[in-house]
Every structure is written in C-alpha cells, then in structure tokens.
Amino acid sequence: MKILVTGGVGFIGSAVVRLAIARGHEVVNLDALTYAACLGNVAQVAGHPAYAFEHADIRDAAAMTRILTRHQPDAIMHLAAETHVDRSIDSPGAFVDTNVTGTMVLLEAARAYWQQRGRPEGFRFHHVSTDEVFGSLGPTGFFNEATPYAPNSPYSASKAASDHLVRAWHATYGLPVVLSNCSNNYGPFHFPEKLIPVVILKALAGEEIPIYGAGENVRDWLYVEDHAEALLAVLTRGAPGRTYAIGGNAEARNIDLVRMICSTLDGLRPAAAPYGDQIRFVTDRPGHDLRYAIDATRIREELGWQPSVTLTEGIGRTLRWYLENEDWWRALQVRDGVGVRLGVA
Ligand SMILES: NC(=O)c1ccc[n+]([C@@H]2O[C@H](COP(=O)([O-])OP(=O)(O)OC[C@H]3O[C@@H](n4cnc5c(N)ncnc54)[C@H](O)[C@@H]3O)[C@@H](O)[C@H]2O)c1
C-alpha cells in the first residue's frame with residue numbers, strides 16, 4: 001500500500017514511517033518541519049526506494065492537491081499537528097490553525113482526490129488523535145469509543161474539533177475515514193519538552209526535575225512502537241467510519257513514573273546522589289486533567305492488537321536510547337532558539 005503520512009518527521013509519525021517501510025509499504029512523508037520535527041528521526045529510511053519526502057504545510061490547499069496528484073497514495077494517515085499542551089495554553093491560535101483549519105484543508109484535498117479516482121472503497125483517511133479529547137476521569141473508570149467529548153485544554157479542544165470534522169466528512173461526503181484516540185506515548189525520538197524526556201535530560205544535567213502539583217495526575221503510557229503497530233492495524237483493517245481507542249494498560253501517577261525513571265537511571269548511569277533527590281514540585285498547570293485511562297477492548301477484539309511492551313521494559317529501553325543518542329537531543333535543544341520547557345503531555 002502507498003501511504004501518505006502527514007507529520008511523519010515528528011515523534012509518533014516517524015515511528016509509523018519506520019514501521020510501514022519495514023512492513024513493505026511505500027511511504028510519502030509530508031511534513032512542514034516545525035520546531036517539533038527532526039529529520040534524524042527518519043534518517044534510517046531516508047535513502048530507501050519506498051520512501052519519499054515532501055516539505056509542505058497541511059494548511060496549503062494547492063500543495064496538498066499537488067502532492068496527492070503526484071504520488072497517488074492509497075491511504076492518508078494524518079498525524080501532523082501542534083501537540084504540546086503548555087504551548088497551547090500560551091499560544092492557542094497556532095493550534096486552531098494547524099489542527100483544525102489544517103485538517104479541514106487536508107480533508108478537502110483528500111475528498112477531491114478520492115472523488116476524482118472514482119471513490120475507491122479501499123481508500124482510507126486515518127485521523128490520529130488523542131484520548132485528551134475526552135477530558136478528565138476521576139479515580140475510577142475508563143475512556144472508550146462511546147465516551148462523550150469534554151476537552152479541557154486548547155490542544156485537546158483543537159484535536160476534538162478535528163475529530164468532529166473527520167467524522168463529518170464521512171457522514172456528509174462518504175469519505176472512508178477511520179479515527180483513533182490514543183493515550184500518552186513515550187519512547188525513542190520523543191521531543192525533549194514532554195514529561196519523560198524532560199525528566200531524563202534534567203536528571204542527567206544535574207538540574208531540578210519539575211513535577212506539576214503534587215504529582216498525583218495519572219496517565220496511561222504506551223510505548224511508541226506499540227502505537228505505530230496499532231495505527232497500521234487501524235489503517236489496514238479498521239472499518240470505515242469507525243473509531244478505535246488505543247491505550248497501554250499501564251497507568252501511573254506522574255510522581256511514581258518519575259521515581260521509576262530516576263531509579264532506573266541510578267542503575268544505568270549512577271551519579272553522586274540518587275537522581276530522585278532532584279525532584280521538585282512546581283505550581284500546577286491550569287486546567288490539568290487528573291486522570292486518563294483507556295478501555296482498548298474494541299481494537300483488541302476486532303483487530304487483534306494489544307500492547308507488547310510493559311512500562312518497566314519501555315522505560316528501560318527509552319533510557320538506554322537517550323543515553324546512547326546524546327547527539328540527537330543536544331542538537332534539538334538549541335535549534336531555532338527553542339529550549340526545553342516543562343511538559344506533561
Ligand atoms: N504524543 C502523544 O502522546 C500523542 C498521543 C495521542 C495522539 N497523539 C497525536 O499524534 C500525532 C503526532 O503526535 P507527536 O507527539 O508525534 O507530535 P510531534 O509534535 O512530535 O510531531 C508533529 C509533526 O507534525 C509536523 N507539523 C506540525 N504542523 C504542521 C503543518 N501545519 N503541516 C505539516 N506538518 C506539520 C511537525 O513538523 C512534526 O513533525 C498528533 O496528531 C497528536 O495529536 C499524540
């Protein structure tokens with residue numbers, strides 16, 4: 001299958017691109033190369049005959065039409081987005097521009113392309129989204145595909161809006177879409193403004209490790225390569241118009257996760273004092289959702305997917321990757337004057 005992946009130079013998109021190439025698919029990677037992109041993320045596939053790159057912005061309608069016409073993909077997997085919650089609190093406009101307007105522009109280009117090709121049944125527009133659109137859970141319960149939308153941050157509100165647009169393009173125009181809403185990802189190539197890489201890099205630098213509030217917020221963590229597997233399953237076997245909730249079945253309070261990272265790092269690269277001594281609690285993020293958790297029964301039963309990497313194993317792999325790839329993250333921190341910010345996705 002020839003897949004047009006948007007945002008394929010980012011964290012999750014690049015994992016999808018690497019996996020899709022390994023599985024024998026052709027990939028056209030379309031990315032605007034914002035601050036969050038790193039071409040190093042796709043270096044291992046860049047020279048592959050099944051890989052092509054298009055430097056373009058999803059808000060550019062003419063470019064979207066030109067690229068679809070040039071490459072004639074069988075499917076679109078849409079990951080391009082502004083993704084950092086803290087940035088969305090400071091500058092919500094960019095999130096509406098890319099996540100809402102950009103998705104609409106891409107949908108329109110996809111619709112025209114699909115109609116011109118004679119509406120092939122097998123065509124897919126896969127919209128990759130987040131569980132944050134569902135808002136916050138209390139101490140119990142799970143999100144699933146029937147959970148009402150209740151986004152709390154400008155980021156999650158913009159993703160919710162884009163989900164609605166994608167569903168509407170299916171209901172109104174018949175575009176064969178699939179949607180997925182996934183919990184927090186982590187793993188290699190994670191941009192160093194999100195929680196796990198921030199903790200790793202602050203620990204290694206001997207600096208304070210900031211945790212919002214009392215560290216009580218709970219997230220369900222999924223290793224990024226497991227997410228990439230789930231996304232390919234949804235793209236290739238998901239039913240048109242259907243949504244799939246994806247999660248790691250690995251809930252952790254932020255404070256417990258950070259302590260786990262610190263103690264694992266103590267074993268891998270011992271410092272003079274335990275890394276946990278660097279933990280500091282800082283003022284909570286406004287509108288900070290308490291807990292996210294996913295009931296992934298549908299994707300498990302219908303598509304046979306389930307996570308294969310436990311949180312302990314994934315944290316170990318991630319830490320070893322960051323220790324072995326210092327050049328990658330040191331180069332990113334200074335690019336475009338963008339420094340590391342505190343982040344809890
Ligand atoms: N990170 C998570 O934990 C998580 C969880 C669930 C869903 N998601 C969703 O998965 C997708 C990818 O997330 P990520 O963490 O890999 O993001 P990321 O920030 O690492 O990467 C986003 C990519 O999109 C590109 N991009 C941004 N604006 C663009 C535009 N206007 N045109 C073209 N390209 C543009 C960037 O250059 C970058 O390469 C997003 O849609 C996000 O909402 C993320």
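Visitor: How many salt bridges does a search of the whole structure find?

Guide: The search finds 17 salt bridges. This is a predicted model, in which local features need pLDDT of at least 70 and side-chain atom pairs count only at pLDDT 80 or more, while totals for chains, interfaces and linings use all residues. Residues are numbered from 1 along each chain as its sequence is written, and side-chain values use heavy atoms, with hydrogens and water left out.

Visitor: What makes Glu 302 and Arg 242 a salt bridge?

Guide: A salt bridge requires a side-chain nitrogen of Lys or Arg within 4 Å of a carboxyl oxygen of Asp or Glu. The closest N and O atoms of Glu 302 and Arg 242 are 2.7 Å apart, so the pair qualifies as a salt bridge. It links distant parts of the chain, 60 residues apart: Glu 302 belongs to helix 9 (residues 297–303), and Arg 242 to the loop between helix 7 (224–237) and strand 10 (243–246). Here helices (H or I, at least four residues) and strands (E, at least two) are DSSP runs, numbered from the N terminus.

Visitor: Why is Arg 291 called buried?

Guide: Buried means under 20% relative accessible area, exposed means over 50%, and partly exposed lies in between (1.4 Å probe, protein chains only). Arg 291 has 5% relative accessibility and therefore counts as buried. Glu 251, with a relative accessible area of 38%, is partly exposed. The side chains of Arg 291 and Glu 251 meet in a salt bridge at 2.8 Å, N to O.

Visitor: Why is the pair of Tyr 35 and Phe 191 called edge-to-face?

Guide: Rings of Phe, Tyr and Trp (its six-membered ring) pair if their centres lie within 6.5 Å; planes under 30 degrees apart count as stacked, over 60 as edge-to-face and the rest as tilted. The ring centres of Tyr 35 and Phe 191 are 5.4 Å apart and their planes stand at 80 degrees, so the pair is edge-to-face. Tyr 35 lies in the loop between strand 2 (26–31) and strand 3 (51–55), and Phe 191 in the loop between strand 7 (184–186) and helix 6 (195–205), so the pair ties together parts 156 residues apart in sequence. Both Tyr 35 and Phe 191 are buried.

Visitor: What lies over the face of Tyr 35?

Guide: Arg 87 lies over that face, at 3.9 Å from the ring centre of Tyr 35. A charge sits over a ring if NZ of Lys or CZ of Arg is within 6 Å of the ring centre and within 35 degrees of the ring normal.
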